[in-house]
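Let's take a walk through this protein, one feature at a time. Keep the sequence and the 3D view handy as you read.

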Amino acid sequence: MSWIDIGALDDIPERGARMVRTRAGCVALFRTGATEVFATSNTCAHKGGPLAEGIVHGRKVTCPLHNWVYSLETGEAQGADEGRIATYPVRIEDGRILIDGDAIGKRSAA
Ligand code: FES
């Protein structure tokens, strides 16, 4: 893995989200706890809603457009909805958020 620094942990409030632009497109970061962040595609699998503007609850996010709920751990839509968003490995180091650049690169090559 090649880890890319994409910002400070403290720039995202707890239970908040932020969108960052990468070479693979827009990635949504979700801070689900003091030292826990998940990264996924920012684009809802339903009709492309901006997931970083959704509501974070537990380890899930609700899309702001039509309320599909996704697991931030697996990217799977929950309940009766069927769909999946890409998820990316993340780690926190010295207060910085690092994302797996190889995973992002694979997506852009697809
Ligand atoms: S676009 Fe996300 S639920 Fe419809």
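## Cysteines

Start with C63, which counts as buried because its relative accessibility is 3%; buried means under 20% relative accessible area, exposed means over 50%, and partly exposed is in between (1.4 Å probe, protein chains only). C26 sits at 26%, so this one counts as partly exposed.

How many disulfides are there? A disulfide is a pair of cysteine sulfur atoms within 2.5 Å, and by this rule the count is zero. C26 takes part in no disulfide, as the nearest cysteine sulfur, that of C63, is 14 Å away.

## Where this comes from

This is a predicted model: local features need pLDDT of at least 70, side-chain atom pairs count only at pLDDT 80 or more, and totals for chains, interfaces and linings use all residues. Residues are numbered from 1 along each chain as its sequence is written, and side-chain values use heavy atoms, with hydrogens and water left out.

## The nonpolar cores

In soluble globular proteins, nonpolar side chains tend to be buried together. A nonpolar core here is a set of buried Ala, Val, Leu, Ile, Met, Phe, Trp, Tyr and Cys residues joined through side-chain atoms within 4.5 Å. The largest one has 14 residues, and F30, C44, L51, V61, Y70 and L72 touch the most other members. Apart from it lies another core of 13 residues, including L9, I12, V27 and A103.

Now zoom in on F30. Skipping its neighbours within four places in sequence, F30 is in contact (heavy atoms within 4.5 Å) with a list of residues including G16, A17, E36, F38, L51, V61 and L72.

## Two sheets

Strands of a sheet pair through backbone hydrogen bonds, either parallel or antiparallel. Strands here are DSSP runs (E, at least two residues), numbered from the N terminus, and two of them pair if DSSP finds at least two bridges between them. Five bridges join β1 to β10 (residues 96-100), and D5 has L98 as its bridge partner in β10.

Another open sheet, also antiparallel, has three strands in the order β5-β6-β7. β5 (55-57) and β7 (69-71) stand at the edges with a single partner strand each, so one side of each has no neighbour in the sheet. Three bridges link β5 with β6 (residues 60-62); in β6, K60 is the bridge partner of H57.

Note on methods
Helices (H or I, at least four residues) and strands (E, at least two) are DSSP runs, numbered from the N terminus.
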